[in-house]
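Student: I have a model open and want to learn to read it feature by feature. Where do we begin?

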Amino acid sequence: MNNKPKIGVYVCHCGMNIAKTVDVEAVSEFASRLPYVKVARNYSYMCSDPGQQLIKEDIKNEGLTRVVVASCSPRMHENTFRKTLAAAGLNPYYLEMANIREHCSWVHENREEATAKAKKLVYAAVAKVRLLEPLEEKEVEVEPSALIVGGGIAGIQAALDIAAAGFKVYMVEKTPSVGGKMSQLDKTFPTLDCSACILTPKMVDVASHPNIELMTYSQVEDITGYVGNFNVKVRKKARYVDINKCTGCGACAQECRLAGTIPSEFNMGLGKRAAIYLPFPQAVPAKYTIDKERCLFLTRGKCGKGPKCIEACAAGAINFEQQDEIVEFKVGTIIIATGYELFDPAKKPEYGYADYDNVITGLELERLVAASGPTGGEIVIGKGEKAIVPKEVAFISCVGSRDESVGKPYCSRVCCMYSAKLAHLVTEKLPDANVRIYYMDVRAFGKGYEEFYDRVRREGVRYIRGNPSEIFKRGDKLVIKAEDTLAGRTLEDEVDLVVLATGLEPRQDAREIIDILKLSQSADGFYLEAHPKLAPVDTATDGVYLAGCAQGPKDIPDTVAQAKGAASSALILLSSGKVKVQAQISNINEATCRGCGYCVEICPFGAIDLVEVNRMGNIVQVARVNEALCKGCGACAAGCFSGSAQQKSFKDQQILPQIAVLGAMK
Ligand SMILES: Cc1cc2nc3c(=O)[nH]c(=O)nc-3n(C[C@H](O)[C@H](O)[C@H](O)COP(=O)(O)OP(=O)(O)OC[C@H]3O[C@@H](n4cnc5c(N)ncnc54)[C@H](O)[C@@H]3O)c2cc1C
């Protein structure tokens, strides 16, 4: 190590973000008097081109060997300044940042105290930077293929983009067909395009593209490896139908003894299916699946004199001997597009969803208004003689959104608009109906959304500001008890049909992917992006990206835009063919390691193994880091009892002097 480092300290004003609360002149003057500091400057925006130029010139002209930048969080600009050092010929890891924005100016009001703290942080950074060692960024080859988990519109779009660029895509979809929730929609706001007309061609493209290997009714079992080199294990669940033989004719379903008795998931339970079924007529692939939880032959071992489906299938596709199949393959990058679930309105018992047939959800109404739905597009509630065509229809917004009482404080972003869309479709199909929407406030933020909201009001849909407190039955009618907060009166509104605009929530099974890929969740439970503004499709796991509602509620335009963003990030990796892996990784001193295995247990990335080594004639176990897997989180270094695990750039001998100066400064 150079005994006489020459340190440059650069204090950023961040416009007025820092300078308003921290005396940046005083901090740089203080820094100029610290040991080994050759130059100390302050500038309005250090991350700007002239700011970076200042650093580069000083490295060249003053012969700086270490750099401290006192500005924002390293998460924001550490990479920017590392590149600055590298461009000036210095090892990029000779950089230390003092976060005087988030840790000083943003959290303190008193200028004197904030300035004193900024000085301390700069002093601590100076104490550490001279002890930093040069690190080398290693490159690994990238497997030229991608895995997409989830075959909704997000996954479909990302798969098509990556495949179009010439790379192999493996798409894994849990259910028997691709399409996701969009396939259940009738029309889409604000343009009222027929959902199936814009989605089904893409579903067909995914299944027929030569670069896409589609695995429906399949599940990711395990993923190991690291960016550029992931090993994937997928379980293809037994359909008990040979999809290479099935022609999708449907003769089997007609003959099934349970035909018309099992609630159809696609039709939200409003229609019925057989135990052997095609989820919906436009399903891709158009292949039948046997529901093993319901099929009489699979659950009871007999189905009359023998399964009728076998007799009915002219192609001989039914195979009750079929087993789950495990397939394994390698990919360079992964996109998670697993979408969302809907809030269960039974959790708000005051709305009577579990009690009354004429309280339904928005998605159930989507199926009722759809020509391909269980009623052929007619809005009818109930069956037989009791069936009614509703005349008084009410929508209730924000059911399971913006509601702390059910743990959903966030806005689901699509409910205001899908309520407006469905209200329009009701007035179109039932011109005599009176439609009103109970709302808290209307969020019509997208392109053409405000105009659509205006149109719906012009069509006669009434908006009543107020959250209903209760729904109960009076005779044949439902009574909504609410307060009209604009008119300042309480009301009891008698209606025939209530539609609950239920919010979007993370999938119940989201943990499966979290456990496999070590992803993080945000407070609302959706998968967490690496940075909300600068890395909205990245995750903390390199090479793994997010698309669509898996990351948070969004409409179709935003879902498609984000899927394209994720595909473009994946393509940067795939097309460059190589990727740099984390340099600030952990290192275990095998000479002092006791082989206790605690670090193996606590490493969240599975990056440490116990290996046998010969220590002076004795075979002993020691821990060893897989450098490509290590993410440099430091858990092993913090947990190691013997101090043998140390993280590069955060070694004890580099951190302790930092702590010492912080303790020494009053
Ligand atoms: C009632 C209603 C009406 C709407 N109307 C509109 C509209 O008119 N216009 C509009 O812009 N938006 C609308 N939306 C929003 C729209 O539904 C979403 O924007 C869109 O579906 C998001 O697509 P996605 O691919 O992210 O998720 P999803 O559609 O949920 O698809 C996710 C897919 O991933 C699969 N999956 C999940 N987990 C796994 C796993 N572990 N492994 C493999 N596969 C998995 C699922 O089976 C599913 O196929 C509406 C939403 C609702 C509730």
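Tutor: With burial. A residue counts as buried if 20 or more other C-beta atoms lie within 10 Å of its own, and as exposed if 12 or fewer do. Keep in mind that this is a predicted model.

Student: Which residues of H2 are buried by that count?

Tutor: Gly51, Gln52, Ile55 and Ile59 are the buried residues of H2. Seen down the axis of H2, these buried residues fall within an arc of 100 degrees, so they line one face of the helix.

Student: What general idea lies behind a face like that?

Tutor: An α-helix has 3.6 residues a turn, so residues three or four places apart point the same way.

Student: Which residues are exposed on the other side of H2?

Tutor: Asp49, Pro50, Glu57, Lys60 and Asn61 are exposed there.

Student: How do I check the length of H2?

Tutor: H2 has 14 residues, 49-62, so it should span 20 Å. Its end C-alpha atoms are 19 Å apart, which agrees. Just after H2, glycine 63 takes a positive phi of about 65 degrees.

Student: Let me try the face reading on another helix. Which residues of H1 are buried?

Tutor: In H1 (residues 24-32), they are Val24, Val27, Ser28, Phe30 and Ala31. Down the axis of H1, the buried residues fall within an arc of 155 degrees, so they line one face of this helix too. They pack against E1, E2, E3 and helix H5 (111-129).

Student: Now the whole chain. How many helices and strands are there in the protein?

Tutor: The protein has 18 helices and 34 strands. Its C-alpha trace spans about 95 × 70 × 40 Å along the principal axes. Of the 666 residues, 44% are buried.

Student: What share of the contacts joins residues 24 or more positions apart?

Tutor: Take the contacts with a separation of 6 or more. Residues 24 or more positions apart account for 70% of them.

Student: Into which domains is the protein divided?

Tutor: Domain 1 is 7-135. Domain 2 is written in pieces, 145-237 + 324-339 + 506-578. Domain 3 is 251-312, domain 4 is 342-505 and domain 5 is 586-648. The centres of domain 1 and domain 3, taken over C-alpha atoms, are separated by 67 Å.

Student: Where does the ligand lie relative to the domains?

Tutor: Look at who contributes to its shell. Domain 2 and domain 4 both give residues to the shell around the ligand, so it lies between them. The shell holds 40 residues, and the closest are Gly150, Gly152, Gly180, Gly339 and Gly548. Among the elements that give two or more residues are helix H6 (153-164), strand E11 (218-226) and helix H12 (415-429). By class, the shell has 18 nonpolar, 13 polar and 9 charged residues.

Student: Which residues other than glycine show a positive phi?

Tutor: Here are two cases. Cysteine 398 has a phi of about 55 degrees. Cysteine 398 sits in strand E21 and counts as buried because it has 23 C-beta neighbours inside 10 Å. For lysine 518, phi is near 55 degrees. Lysine 518 is in the loop between H14 and strand E29 (544-546). Lysine 518 is partly exposed, with 17 other C-beta atoms within 10 Å.

Student: And where are cis peptide bonds found?

Tutor: The bond from phenylalanine 189 to proline 190 is cis, with omega near -10 degrees. Proline 190 lies in the loop between strand E8 (187-188) and strand E9 (193-194). Another cis bond joins valine 284 and proline 285, with omega about 0 degrees. Proline 285 is in the loop between strand E15 (276-277) and strand E16 (289-290).

Conventions: Residues numbered from 1 in each chain as written. Predicted model: local features only at pLDDT ≥ 70, side-chain atom pairs only at ≥ 80, totals over all residues. Helix = DSSP H or I, 4+ residues; strand = E, 2+ residues; numbered from the N terminus. Expected span 1.5 Å × (residues − 1). Arc of directions from axis to C-beta. Domains from an automatic or database assignment. Near = placed C-beta within 6 Å. Nonpolar A, V, L, I, M, F, W, Y, C, P; charged D, E, K, R; others polar. Contact = placed C-beta atoms within 7 Å.
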